[in-house]
Amino acid sequence: MAQVEYITIKNASRKVLNKMRKIGEEKAQRLQEIQERWDAGDIKDVEVVQL
């Protein structure tokens with residue numbers, strides 16, 4: 001069984017696990033890029049409603 005946040009997959013194949021891992025890595029990368037833009041001052045007058 002594998003669990004990623006709110007998703008639970010029973011008897012997941014390696015291909016599914018690799019895809020879920022890739023999705024997680026891409027999300028982390030996007031969040032990092034947004035954080036860097038925020039720190040650089042590129043993003044202004046923005047209200048964060050959900051993270």
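This text walks through a predicted model, from its overall layout to a few single residues. Local features need pLDDT of at least 70, side-chain atom pairs count only at pLDDT 80 or more, and totals for chains, interfaces and linings use all residues. Residues are numbered from 1 along each chain as its sequence is written, and side-chain values use heavy atoms, with hydrogens and water left out.

Start with the layout. The protein has one helix and two strands. Along the sequence the pattern reads β-β-α. Helices (H or I, at least four residues) and strands (E, at least two) are DSSP runs, numbered from the N terminus.

Next comes confidence. pLDDT is the predictor's confidence in each residue, from 0 to 100. Its mean over the protein is 83, and 88% of residues reach 70 or more. Helix 1 has the highest mean among the elements, 90, while strand 1 (residues 2-4) has the lowest, 57. Where pLDDT is low, the predicted coordinates should not be read in detail.

Helix 1 holds 27 residues. From first C-alpha to last it reaches 39 Å, close to the 39 Å expected at 1.5 Å a residue; the expected span is 1.5 Å times one less than the number of residues. Just after helix 1, G41 takes a positive phi of about 85°.

N11 sits in the loop between strand 2 (7-9) and helix 1. Its phi is near 55°, a positive value in a residue other than glycine. Most residues other than glycine have a negative phi. N11 counts as exposed because its relative accessibility is 75%.

W38 lies in helix 1 (residues 14-40). W38 counts as partly exposed because its relative accessibility is 42%.

Terms used:
Buried means under 20% relative accessible area, exposed over 50%, partly exposed in between (1.4 Å probe, protein chains only).
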